Amino acid sequence: ASTIDYLTLHKLWSDQGGPIVLAQIENELGDTDIKSPQEDHVIQNADGTYATQQDYASWCGALAQRLQPNVVWTMCNGLTANNETINTCNGNSDCWSNWIVQHGQSNLIQVTQPALWTEVEEGFQIWGDDPSNPSDYFWSRDVTSITNDVMRWFARGGSHINHYMFWGGYNRERMSAGGIMNAYSLEAPLCPNGQRHYPKFDHLRLCHSLLAEIAQVLLNADSALNKGRAVKYKIANGSDDNSTWMVSTTEQRMFVYSNHDTDVIFVENDAAHLCISMVYLLVREIITNIVKEILQSPLIWEISLLWRKKDGTMAMIIIYPFCQSLWAIII
């Protein structure tokens, strides 16, 4: 309450003209798959009845709304106060592959509420992981894996992401104290000392700038999820030479967004590679044969994003699995 009072006093909420448009009341308590009444009991009331996990989540949501009713409140990764808060996702590939497809844990996502990814998890040490031979989820995940997840999220109608963590430091200056560490992640895109972590920082900056360029189309169109179109994709059978081209039928591979002058198209492949790079092509006129050749080439691409305008301008991103560099081509 004191934090909310401070923000209200200094007029930092959006309805006061401030910059804060979204707030989260933390709740990771609760499982939508509760197996027994005993698991659902949080506390015993004086009359012998029990408060459930959903009772607690609803109480948290009501508290947030009472303290600041004019801001949008979220809850992440657990039960949600459905009438007061928006359920959001914390995770990595499970957010785009399962969570958003199943309308979140509240069953309201992309039904009556937007899809918000509050923690694009970029890695932390898994219990028992060996630093000399870490998994991809160890600090830190490969930036191309992160970009891949982000692109797939927006393809499925996602509206928002937060990186966890983008800056690797905290507890500086007036927040510092003896015995408190100020380096949370040495591998974050922005290092604990404030320096940019290259090439990770540039890779994500390019991804963000390109998504921002088409944000108006994405955010003003209905979700393309479950509006599948047939698309040719490739399955790797041990080596590139033995890979097989398939045509999607049941699994959605293409996501199309349009407004009056622009089409945005996401196309996904089935290759599973750790090494992916992003290629950005700005084409001055529509060159259909070049685009067709790129998409149907024997090179195994992971995901592509294409947008075109009626004035003839075309832009395209292709994430390839065969190199780590980040580069641009202008034709």
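Q: Which side chain does the side chain of Asn90 touch in a polar contact at 2.7 Å?
A: A polar contact is a pair of N or O atoms within 3.5 Å; within protein, one must be able to donate a hydrogen and the other to accept it, and residues adjacent in sequence count only if both atoms are side-chain atoms. Here the partner of Asn90 is the side chain of Thr118 (2.7 Å). The side chains of Asn90 and Glu119 are also joined, at 3.5 Å. This is a predicted model: local features need pLDDT of at least 70, side-chain atom pairs count only at pLDDT 80 or more, and totals for chains, interfaces and linings use all residues. Residues are numbered from 1 along each chain as its sequence is written, and side-chain values use heavy atoms, without hydrogens and water.

Q: Is Asn90 buried or exposed?
A: Buried means under 20% relative accessible area, exposed over 50%, partly exposed in between (1.4 Å probe, protein chains only). Asn90 is buried, at 5%. Asn90 sits in strand E5 (residues 85-91). Helices (H or I, at least four residues) and strands (E, at least two) are DSSP runs, numbered from the N terminus.

Q: Which residues of helix H3 are buried?
A: They are Gln53, Ala57, Cys60, Gly61 and Ala64. The arc is taken from the directions from the helix axis to the C-beta atoms. In H3 the buried residues fall within 95°, so they line one face. Trp59 and Arg66 are exposed on the other side.

Q: How many residues of strand E11 are buried?
A: Six of the seven in E11 (residues 262-268). A three-residue hairpin links E10 to E11.

How values were computed
Two strands pair if DSSP finds at least two bridges between them.
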